[in-house]
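Take a moment to turn the model around before reading on.

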Amino acid sequence: MCNVISEFVSGLGEIKQERDVLLSSLSTFKIGGPADIAVYPETSEELITAIKAAKRLGLRYTVIGNGSNILFDDKGYRGAVISTGRMRELKVEGNRITAGCGVPFTALAARAAAEGLSGLEFAYGIPGCVGGAVVMNAGAYGGAVSDVLESSDYYDTLSGETVTIGHAEHCYRYRHSVYSDAKERVVLGAVFALTHSEPDAVKAKNEENMNARRSKQPLEYPSAGSVFKRPEGYFVGKMVEDLALKGFSVGGAQISEKHGGFIINRGGASAGDVLELIRHIEEKVYREYGVRLECEIMYIPEK
Ligand SMILES: Cc1cc2nc3c(=O)[nH]c(=O)nc-3n(C[C@H](O)[C@H](O)[C@H](O)COP(=O)(O)OP(=O)(O)OC[C@H]3O[C@@H](n4cnc5c(N)ncnc54)[C@H](O)[C@@H]3O)c2cc1C
């Protein structure tokens with residue numbers, strides 16, 4: 001493995017990279033052991049170069065944004081974790097914003113507000129990047145990426161081509177897109193079509209959404225947001241509360257007292273603790289409600 005990593009580093013040229021990176025530093029859960037190498041491309045070209053270098057060597061890799069919907073393994077990751085958080089190109093033209101996949105979603109919403117563009121207020125406070133949000137169809141407070149996305153660009157790791165797709169081709173539904181099923185596609189950036197409005201009105205809506213988050217979500221602890229997708233006709237937080245599971249812990253992982261849909265890291269939680277807690281909730285909910293919960297958080301195993 002050591003030789004492969006060294007060859008990979010040679011193939012990266014000037015692209016920033018770091019060996020033996022603790023993945024807890026790349027995830028909002030603050031959980032995860034060491035990755036063999038983390039790569040930090042700043043442009044689409046650098047991202048594509050890194051992927052091509054990994055593929056040439058048969059090196060396993062995964063592309064992440066801000067790691068706010070991810071649970072890394074306690075043993076880390078064998079291969080390369082490619083973190084897109086530095087790909088922050090941003091361009092405003094009329095009512096359209098073009099953003100690189102690493103633009104923080106909250107920064108995008110703030111920029112839209114400053115430009116007097118409405119439509120991304122729901123995004124203010126979602127701690128992911130544009131790429132992760134486009135993949136997950138991130139949403140909140142009645143809005144979602146699918147409401148404002150016009151097109152996205154992706155790199156097809158199978159054909160080696162860069163492709164642009166329009167809204168319809170994203171096949172958007174709740175927390176799901178065409179990218180959820182096509183892991184060979186890496187989102188490079190997206191165009192959002194917004195509506196002209198007053199900057200102060202958009203800023204006020206952003207703040208209102210942020211305040212709602214602060215009052216309902218355990219933002220004072222590391223987490224990966226809602227653990228489960230919302231099942232049709234139910235609210236996970238309410239079911240967890242009714243089952244008296246709020247505050248239940250395994251090791252350092254706890255079901256939040258503030259929001260039953262969140263698992264928080266109270267300090268020193270392992271991925272194993274979180275996975276055990278997830279299984280416990282799934283089992284209790286199934287027994288009581290006959291509902292099979294679906295995880296929203298992605299678990300990334302060591303190998
Ligand atoms: C406190 C808190 C609150 C949250 N609130 C919300 C909310 O209100 N609504 C909501 O929808 N989500 C919420 N989330 C979850 C999370 O922020 C979103 O799912 C977000 O869109 C994930 O973006 P990310 O950049 O962190 O993606 P990551 O977690 O890094 O990745 C998520 C998935 O997308 C893939 N991916 C990332 N970038 C790319 C790319 N460029 N190309 C291809 N695949 C890629 C990854 O491989 C992974 O499978 C919350 C999370 C936290 C911690």
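Leaving aside residues up to four places away in sequence, Val202 touches Ala113, Leu117, Ser118, Glu121 and Ser197. Please keep in mind that this is a predicted model. Val202 is found in helix α7, which covers residues 199-216. How far apart in sequence and in space are Val202 and Ser118? They are 84 residues apart in sequence, with their C-alpha atoms 6.0 Å apart in space. Is Val202 buried or exposed? Val202 has a relative accessible area of 2%, and since buried means under 20%, it counts as buried.

Next, look at the ligand. It is surrounded by 34 residues, and the closest are Val63, Gly65, Ser68, Cys129 and Gly139.

| Residue | Atom of the residue | Atom of the ligand | Distance |
|---|---|---|---|
| Ser68 | polar side-chain atom | oxygen | 2.6 Å |
| Gly139 | polar backbone atom | nitrogen | 2.6 Å |
| Arg175 | polar side-chain atom | oxygen | 3.3 Å |

Finally, find two helices, α1 (residues 2-12) and α2 (residues 44-57). Their axes come within 9 Å and cross at roughly 145°, and the crossing is right-handed. Which residues make the contact? From α1 come Val4, Glu7, Phe8, Gly11 and Leu12, while α2 brings Thr49, Ala50, Ala53, Ala54, Arg56 and Leu57. Sorted by kind, the residues of this contact are seven nonpolar, two polar and two charged.

Methods: Residues are numbered from 1 along each chain as its sequence is written. This is a predicted model: local features need pLDDT of at least 70, side-chain atom pairs count only at pLDDT 80 or more; totals for chains, interfaces and linings use all residues. Side-chain values use heavy atoms; hydrogens and water are left out. Axes are lines fitted to C-alpha atoms, for helices over the stretch in contact, and angles run from 0 to 180 degrees between N-to-C directions. Helices (H or I, at least four residues) and strands (E, at least two) are DSSP runs, numbered from the N terminus. A crossing is left-handed if the near helix is turned anticlockwise from the far one by less than a right angle, and right-handed if clockwise. Contact means heavy atoms within 4.5 Å. Ala, Val, Leu, Ile, Met, Phe, Trp, Tyr, Cys and Pro count as nonpolar, Asp, Glu, Lys and Arg as charged, and the others, Gly among them, as polar. Buried means under 20% relative accessible area, exposed over 50%, partly exposed in between (1.4 Å probe, protein chains only). A residue is near a molecule or strand if one of its heavy atoms lies within 4 Å of it. A polar contact is a pair of N or O atoms within 3.5 Å; within protein, one must be able to donate a hydrogen and the other to accept it, and residues adjacent in sequence count only if both atoms are side-chain atoms.
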